[in-house]
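User: Hi! I have a model open and would like to go through it with you, one question at a time.

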Amino acid sequence: MDSLDAILTSLIVLTCAMIGLCLGSFSSAIAYRIAHKTSWIVDKNSDSGSAQPARSACPSCHHQLSILDLVPVFSWVFLGGKCRYCGAKISARYPLIEAAGAIATIIFFLTGQEGWAWLRFVITLPFCLACFLLLAQQSKPPFYIYGLFFSNVFVLLYAVIWGNKNL
């Protein structure tokens, strides 16, 4: 039964890593849009005035990215750190922040947290990582980003220090 537990734990850690990579990718999109003073929720069409979900695009050529361009870390590696459409260099901070999201999520899992603690952590992690990116870019994060940043840091530190207790 121990080998089954090891396999199950490995699959859960892999799932946590994938979730963390996606949350890290989302944080990059949030930070980029906040720094450029655009909505990270909707894009308004200037012609018709209609609102559509915000989509990721190349910062250089503004080509809307396809699903293959949005696979965290792997797209950056397979494309050689360049845009598929215009060949512009894409900063290494994108895969680094995605990897940071994966590492943070794995650490949180290994602390044995459950339920509401996971929900709080997953909701606040992208904003915590976005805060780091905005500060690294010397952009001033909005007030709510600071609140979500400190909330995430508190949840993670509590989990690491006190382990699986009610959070």
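Predicted model: local features only at pLDDT ≥ 70, side-chain atom pairs only at ≥ 80, totals over all residues.

User: To start, how many of the residues in the protein chain count as buried, as a percentage?
Analyst: The protein chain has 167 residues. A residue is called buried when its relative accessible area is under 20%. By that cut-off, the share that counts as buried is 32%.

User: What order do the helices and strands follow from the N terminus on?
Analyst: The protein chain holds five helices and two strands. Its C-alpha atoms fill a box of roughly 60 × 35 × 30 Å along the principal axes. Read from the N terminus on, the elements run α-β-β-α-α-α-α.

User: How many disulfides does a search of the whole structure find?
Analyst: A disulfide is a covalent bond between the sulfur atoms of two cysteines. C58 has its closest cysteine sulfur in C83, at 3.5 Å, which is too far for a bond, because the cut-off for a disulfide is 2.5 Å. For C83, the closest cysteine sulfur is likewise that of C58. The number of disulfides found in the whole structure is zero.

User: Is C58 buried or exposed? And what about C83, buried or exposed?
Analyst: The relative accessible area of C58 is 4%, and that of C83 is 7%. Buried means under 20%, so C58 and C83 are both buried.

User: Now the packing: how are helix 1 and helix 3 oriented to each other, and what is the hand of their crossing?
Analyst: Helix 1 (residues 2–35) packs on helix 3 at an angle of about 135°, with the axes 6 Å apart. That angle makes helix 1 oblique to helix 3. The crossing of the two is right-handed.

User: Which classes of residue make up the contact of helix 1 with helix 3?
Analyst: On the helix 1 side, the residues include T9, I12, V13, C16 and Y32. They meet a set in helix 3 that includes Y94, I97, E98 and F109. By class, the contact of helix 1 with helix 3 has 12 nonpolar, eight polar and one charged residues.

User: How does helix 3 pass helix 5, and at what angle do they pack?
Analyst: Helix 3 (residues 93–110) passes helix 5 in a left-handed crossing. Their axes are 9 Å apart. The two helices are oblique to each other, with a packing angle of about 45°.

User: Which residues meet between helix 3 and helix 5, and how many are nonpolar?
Analyst: From helix 3 come A104, I107 and F108, and they meet V155, L156, A159 and V160 in helix 5. The contact has no polar and no charged residues. The nonpolar count is seven.

User: Where does G147 sit, and how far is its C-alpha atom from that of T124?
Analyst: G147 belongs to helix 5 (residues 143–162). With a relative accessible area of 40%, G147 is partly exposed. T124 is 23 residues away along the chain, and the C-alpha separation is 9.2 Å.

User: Last one: where does S66 lie, and how far apart are the C-alpha atoms of S66 and R84?
Analyst: S66 is in the loop between strand 2 (51–53) and helix 2 (74–78). At 27% relative accessibility, S66 counts as partly exposed. R84 is 18 residues from S66 along the chain, and their C-alpha atoms are separated by 9.8 Å.

Notes. Residues numbered from 1 in each chain as written. Heavy atoms only, no water. Helix = DSSP H or I, 4+ residues; strand = E, 2+ residues; numbered from the N terminus. Buried < 20%, exposed > 50% of the residue type's maximum accessible area, 1.4 Å probe, protein only. Axes fitted to C-alpha atoms, helices over the stretch in contact; angles between N-to-C directions. Parallel < 35°, antiparallel > 145°, perpendicular 65-115°, else oblique. Left-handed = near helix turned anticlockwise from the far one by under 90°. Contact = heavy atoms within 4.5 Å. Nonpolar A, V, L, I, M, F, W, Y, C, P; charged D, E, K, R; others polar.
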